[in-house]
Each structure stands twice: as C-alpha cells, then as structure tokens.
Amino acid sequence: MKKLVALLMAGVFAVSLLPGTVAAESAATRIKDISKVQGVRSNQLMGYGLVVGLNGTGDGNKSTETIQSIVNMLKSFGVAIDQSTLKTKNVAAVVVTATLPPFVREGDTIDITTSSIGDAKSIQGGTLLQTPLRAGNGTVYAVAQGPISTGGFAAGNGGNTATKNFPTVGTTPNGAIVERSVEDEIGSSGRISLSLREPDFTTAARIANAINSQYGSIAQASNPGRIDITIPAYFRNNVVGFVSTIEELPVMPDNAAKVVVNERTGTIVMGGDVSVDEIAITQGGLSIKVKKNENANQPDPFSYGTTITTRNADVNVQEDKASTIVLPATANVSDIVGALNAVGATPRDTISILQAIKAAGALHAELQIM
C-alpha cells in the first residue's frame with residue numbers, strides 16, 4: 001500500500017490508497033443530441049450604418065466618421081452641404097450585426113443588433129437607415145432598416161444621471177431582409193457526414209455501429225469527430241427523411257471522466273464516470289478563540305487616584321476529534337460525495353480533498369479547477 005499525507009489549507013487530511021478498477025455507464029441519447037450534419041451552419045453578417053431621429057443623444061461634433069458618413073449619404077441624394085456647419089446630435093454611427101441561419105431564402109427576415117461606435121449617449125427611439133450586411137467574403141446577404149429598441153434609457157441633468165441597461169445597444173426583430181441565400185445541397189454527392197459535438201473515439205464507433213445495424217454497412221467513423229455515411233439508393237430522393245431517421249437512433253455516448261471545481265464559489269461538479277481507488281480520509285480541526293474583556297479599576301475612597309481601564313484576553317484552544325472514513329473502490333459519485341460529507345467537509349474542504357486524492361493517484365478523472 002502506498003501512503004501519501006497532504007497538509008492542506010482547510011486542515012490536515014491523510015490520504016492512502018489501494019489499486020482498484022471500476023466502470024460506469026452513461027444514459028442513452030439520440031444521435032441528433034450529440035452530433036450535427038456537416039454543412040448545416042449559420043453565417044455571421046455585419047454592416048456599418050447610421051441611426052437618425054435621436055433626441056440630442058447622438059454623436060458629438062468631434063465624431064468625424066459620423067460627419068463624413070452623413071455628408072456621403074446626402075451627396076448620394078444630390079444634396080451638397082458645408083461639412084463645418086453640420087450638427088450630429090440627432091445622429092449616431094453604428095455597427096449592425098446579425099446571424100444568417102441555414103436554409104433561409106430570399107425575402108425571409110432575420111433579427112439584427114445595433115451598437116453605437118461613437119460617443120452617443122443613447123440610440124433609444126432612433127431609426128436605422130438602410131444598411132447592407134456583408135459576410136466575411138464581402139458579399140451582401142441582407143439589408144437592415146427599421147426602428148431601434150434598446151430596452152433601457154439614460155436620463156439626467158448635469159451631474160445627476162440615471163441609466164438602465166445599455167442604451168447604446170439595441171435590437172430590431174425581423175429588422176433585416178435576406179437578399180441572397182446560402183445554398184446547402186445536403187446529400188447531393190450521395191454522402192453525408194455527422195460531426196460530433198464532443199469528439200470521442202468510442203462514441204464515434206458506437207454511432208457508426210448503430211447506423212450500420214439499422215441500414216447495413218453504410219457508415220464509417222473516419223476520426224473521433226466525424227462519421228461518413230453513404231445514403232442508401234432508396235433514400236436518394238428523400239435525404240431529409242433519411243437524416244431524420246438517423247437522428248432518432250439511440251446511442252450511449254462515452255465521455256472522459258472529469259471533475260470541475262470552482263474555488264471562488266465552492267462549486268463542485270463530478271461526472272458519472274468518475275472513479276476512485278480505495279482511500280482513507282482523516283480530517284482534524286483545531287479551533288482557537290480569543291476573547292477580549294475590559295475591566296474598570298476604581299481608586300480607594302478619598303484618594304487622589306483616577307479610574308483606569310484594563311484589557312484582559314482569554315484564550316481558549318480546542319482541538320476537535322479527528323474523524324476517519326474508509327471509502328472502497330467505487331464509481332458511484334454519491335459514494336464519493338457521501339464520504340466527504342461524512343467527515344464534515346465543507347465545499348472548500350472537499351476541493352482540497354479532491355486535489356489530495358488526485359495527487360495521490362487515487363482519482364481516475366481529469367481535475368479541472370476554474
């Protein structure tokens with residue numbers, strides 16, 4: 001038997017271990033809950049525009065980008081103005097962002113988020129002017145325009161102000177119209193691929209086996225994160241129906257054992273596959289209390305003395321009886337938690353104990369400290 005004694009901040013814990021092996025099972029789940037079809041994805045869009053109609057809460061005259069944008073916009077309408085006389089308190093330069101979902105078509109609408117990039121105090125009540133939204137390749141996929149809803153406000157006079165939420169950021173439901181769709185030809189080559197949300201060799205093999213047991217040898221796990229599938233001939237004209245049947249197949253995923261602890265909040269989360277070897281945990285506590293007492297000393301009657309105050313300190317030292325519990329080799333998380341609770345460990349003590357168990361080699365899981 002190997003022995004390891006660890007002195008920890010929360011107290012003194014002795015950890016000894018014996019080798020042992022255990023196993024744990026996960027709950028069966030649908031393939032659609034742990035994977036997705038490759039090619040089905042969203043795209044990020046962004047554009048630069050102007051919000052007008054603000055009640056004096058727009059960009060200041062030092063925001064040159066706002067002034068230049070107004071001049072360029074008016075010039076496109078055939079209006080020429082002197083840039084030095086332009087006031088921008090009712091206008092704000094903004095960046096508009098949106099997400100283009102998969103399978104949207106021309107004419108569909110999407111939500112947008114508008115954010116000020118100047119020194120505007122609020123864009124509440126403003127209207128976004130027509131703003132092209134581009135993808136990373138520079139192609140325009142949607143055009144945004146409409147009133148802005150901030151869900152907050154900024155009000156006040158002089159040094160007294162009140163602000164709720166973020167009045168410089170607003171949203172517009174269905175504020176952009178899709179002008180160009182992203183074609184997703186799923187299964188056009190006769191094959192589709194599934195991407196695992198959490199790549200794992202065992203899970204990928206189980207998914208391939210589940211599909212092959214249903215349709216024959218059509219699936220192969222190319223790597224821990226991808227399963228390639230050949231679409232059966234009788235499903236070539238109904239790829240959606242084929243994907244739907246695959247997504248409903250049950251699979252028992254396999255995940256690496258992990259223990260996540262947050263030292264700031266004392267939160268501990270343990271997965272079901274966490275296992276430990278046989279260990280003995282001993283916790284001993286030492287409590288020291290110091291109490292200050294003040295006493296008044298009076299002088300003798302008819303003397304020339306004065307009353308003085310003295311301070312006495314009473315020291316009480318108490319050592320709690322150590323409690324010991326032996327935990328057999330197990331993969332049951334409730335046994336681990338129950339054992340730690342049995343020795344009176346607080347959440348922070350439990351974190352220290354887990355660190356000691358991991359250092360001793362008895363905890364067969366990844367210990368992640370946040």
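User: What covers the buried residues of helix H3?

Analyst: The cover includes E4, E13, H2 and E15. The test behind it is contact, which means heavy atoms within 4.5 Å. Please keep in mind that this is a predicted model, where local features need pLDDT of at least 70 and side-chain atom pairs count only at pLDDT 80 or more, while totals for chains, interfaces and linings use all residues. Residues are numbered from 1 along each chain as its sequence is written, and side-chain values use heavy atoms, with hydrogens and water left out.

User: Which residues of H3 are called buried, and what makes a residue buried?

Analyst: Buried means under 20% relative accessible area, against over 50% for exposed and in between for partly exposed (1.4 Å probe, protein chains only). In H3 (residues 239-247), Val239, Gly241, Phe242, Val243 and Ile246 are buried, so each falls under that 20% limit. Here is a general point: an α-helix has 3.6 residues a turn, so residues three or four places apart point the same way. Across the chain of 370 residues, 36% are buried.

User: Why are E4 and E13 called a pair?

Analyst: Two strands pair if DSSP finds at least two bridges between them. E4 and E13 (residues 191-196) have three bridges, in the antiparallel sense, so they qualify. Within this pair, valine 37 stands opposite leucine 194 in E13. Helices (H or I, at least four residues) and strands (E, at least two) are DSSP runs, numbered from the N terminus.

User: What makes E4 and E14 edge strands?

Analyst: They belong to an open antiparallel sheet of four strands in the order E4-E13-E15-E14. E4 (35-37) and E14 (219-223) each pair on one side only. Helix H2 (residues 201-215) lies across E13, E14 and E15 (226-230), at about 165° to E14. Such angles run from 0 to 180 degrees between N-to-C directions, with axes fitted to C-alpha atoms, for helices over the stretch in contact.

User: In what order do the strands of the barrel close?

Analyst: Six strands close in the order E5-E6-E7-E12-E9-E8, with antiparallel pairing. The twist averages 30° from one strand to the next. Helix H1 (residues 64-76) packs on this sheet, touching E5, E6 and E8 (127-134), and makes about 85° with the direction of E5.

User: Which elements each supply at least two lining residues of the largest pocket, and how many of its lining residues are charged?

Analyst: E5, H1 and E8 do, and the lining residues include Tyr48, Ser69 and Leu129. By class, five are nonpolar, six polar and none charged. Here Ala, Val, Leu, Ile, Met, Phe, Trp, Tyr, Cys and Pro count as nonpolar, Asp, Glu, Lys and Arg as charged, and the others, Gly among them, as polar. On a 1 Å grid over the protein atoms alone, a pocket is an open set of points where a 1.4 Å probe fits, with protein on both sides within 12 Å along at least five of seven lines, and lining residues have an atom within 4 Å of a point.
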